[in-house]
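Hi,

Here is the structure I promised to pass on to you. Have a look at it, and then read on for what turned up.

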Amino acid sequence: MKRHVVFLEVKGGNDKGADGFRPDTMPMVKSLEKMGWTAEVIFYTEAKKEEIFQTIVKTADAYISRINPGNLEDETSYFAMLRQLTKQGIIGMERPEVMMSYGAKDVLVKLRDTSLVPTDTFAYYTMSDFIANFPKQLVKGERVLKQNRGSTGEGIWRVELIDYREVDENGALFSAYVRCTEAKDNKVLEFRLGEFINFCEQYIEGENGMLVDMPFLPRIVEGEIRILMINDKPVNVVHKKPAEGDNAFSATLFSGAKYRYDTPEDWPVLISLFKEKLPMIVEILGNYDLPLIWTADFILDTDENGRDKYIIGEMNCSCVGFTSHLELSDDVAEAIIKLVTKNKNKELEGQL
Ligand SMILES: Nc1ncnc2c1ncn2[C@@H]1O[C@H](COP(=O)(O)OP(=O)(O)OP(=O)(O)O)[C@@H](O)[C@H]1O
Ligand SMILES: [Mg+2]
């Protein structure tokens with residue numbers, strides 16, 4: 001083992017600190033050094049791709065990708081390099097498969113047979129599926145539609161049918177009015193359902209396009225609860241309370257939600273539920289190692305016996321940070337060393 005780790009970043013973007021890196025990257029480098037390992041940060045560019053690939057293969061045991069895919073010139077080419085690195089025996093944190101498995105919005109559909117996601121949660125990859133199922137669900141109650149590619153609430157819509165007396169000749173509801181609130185800023189717009197469905201085509205077309213359709217959970221007004229995980233360990237909890245107001249439902253920062261930082265000990269029921277479900281989640285999502293740094297967001301619901309029930313709203317693992325809790329860098333470094341050692345040993349056993 002080389003005991004060396006490469007952090008991949010890109011230059012620029014609003015996620016960087018004064019030193020040009022993500023604010024939580026150098027703390028991880030220093031923690032690794034304290035533990036007898038070495039680490040460096042490489043700024044990825046398409047032009048330098050081949051050189052970077054060679055450097056990592058020659059010098060490192062593992063890469064840690066800290067790039068928001070939205071900041072890349074060519075996402076496909078970057079992911080192809082990461083896959084090649086895995087083929088060369090480099091431990092990937094995370095591998096593209098894991099980013100997609102945990103981070104894509106349709107993770108909710110994969111988890112729908114667990115008690116963590118409502119069974120009437122769907123993913124649409126074609127307009128015809130969307131048109132065939134979404135109106136039917138909407139008649140039963142308010143829905144939330146989520147595009148896959150956005151962040152901070154862009155393309156996340158709360159949709160409520162406000163008038164379904166006008167049914168068109170096919171018996172569909174396309175001329176009925178819907179009230180739509182976008183999580184980006186809780187702005188409310190009214191459309192005819194047919195118009196809104198056409199507007200949503202942008203989310204379905206193109207690479208990784210999809211729309212996830214799940215029931216609207218009214219207890220979002222009590223807050224969304226984010227668990228920050230370092231591999232298999234819950235390390236902190238953020239309680240995000242949406243802004244007050246009629247239709248406001250967004251827990252994203254720029255929509256005016258209020259954030260409170262708690263500890264896992266403040267949320268014993270949720271934490272023990274999540275820990276209990278983790279092995280099942282790992283299995284359903286493809287039996288990969290849990291990501292190095294990742295988050296799971298929960299919203300409260302009420303079960304048929306009137307008891308609290310936690311529902312997963314989304315998970316993230318592509319470039320989750322811990323800037324608000326830099327003291328976690330030692331825990332992260334320990335997890336890196338543990339994961340690299342475990343996987344390198346597995347590789348050695350395979351070669352014997
Ligand atoms: N089923 C739901 N019921 C009620 N509110 C919801 C539901 N799903 C999402 N929301 C609200 O919409 C917000 C945005 O949704 P979500 O977190 O899935 O999207 P995002 O754009 O990826 O956000 P992020 O920037 O956190 O990754 C959530 O923070 C939550 O407040
Ligand atoms: Mg979110």
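Where is the place of R3? R3 sits in the segment before β1 (4-9); helices (H or I, at least four residues) and strands (E, at least two) are DSSP runs, numbered from the N terminus.

Some housekeeping: this is a predicted model, in which local features need pLDDT of at least 70 and side-chain atom pairs count only at pLDDT 80 or more, while totals for chains, interfaces and linings use all residues. Residues are numbered from 1 along each chain as its sequence is written, chains are lettered from A and ligands numbered from 1 in the order in which they are written, and side-chain values use heavy atoms, with hydrogens and water left out.

Two backbone details may interest you. Most residues other than glycine have a negative phi, and most peptide bonds are trans. R3, however, has a positive phi, near 55°. The peptide bond from M93 to E94 is cis, with omega near -5°, and E94 belongs to the loop between β4 (91-93) and α4.

Next, the ligand. Ligand 1 is surrounded by 21 residues (a heavy atom within 4 Å), and the closest are K105, T152, G153, F249 and E314. As for polar contacts (N or O pairs within 3.5 Å), a polar side-chain atom of E314 is 2.7 Å from an oxygen atom of the ligand. Polar backbone atoms take part too: one of F249 lies 2.7 Å from an oxygen atom of ligand 1, and one of P215 lies 3.0 Å from a nitrogen atom. The protein covers 95% of the 610 Å² of accessible area that ligand 1 has on its own (Shrake-Rupley method, 1.4 Å probe). Two or more shell residues come from each of β6 (143-147), β10 (211-215), β11 (224-230) and β15 (308-316).

On the domains, whose bounds come from an automatic or database domain assignment, the protein is divided into domain 1 (4-94 + 325-351), domain 2 (102-117 + 219-324) and domain 3 (122-216). The shell around ligand 1 draws at least three residues from each of domain 2 and domain 3. The centres of domain 1 and domain 2, taken over C-alpha atoms, are 25 Å apart, and their contact (heavy atoms within 4.5 Å) takes 24 residues from domain 1 and 20 residues from domain 2.

Finally, a helix pair: in α3 (residues 75-87), F79, L82 and R83 meet P96, E97 and M99 of α4 (residues 96-103).

Best wishes

Notes:
Polar contact = N/O pair within 3.5 Å; in protein donor to acceptor, adjacent residues only side chain to side chain. Axes fitted to C-alpha atoms, helices over the stretch in contact; angles between N-to-C directions.
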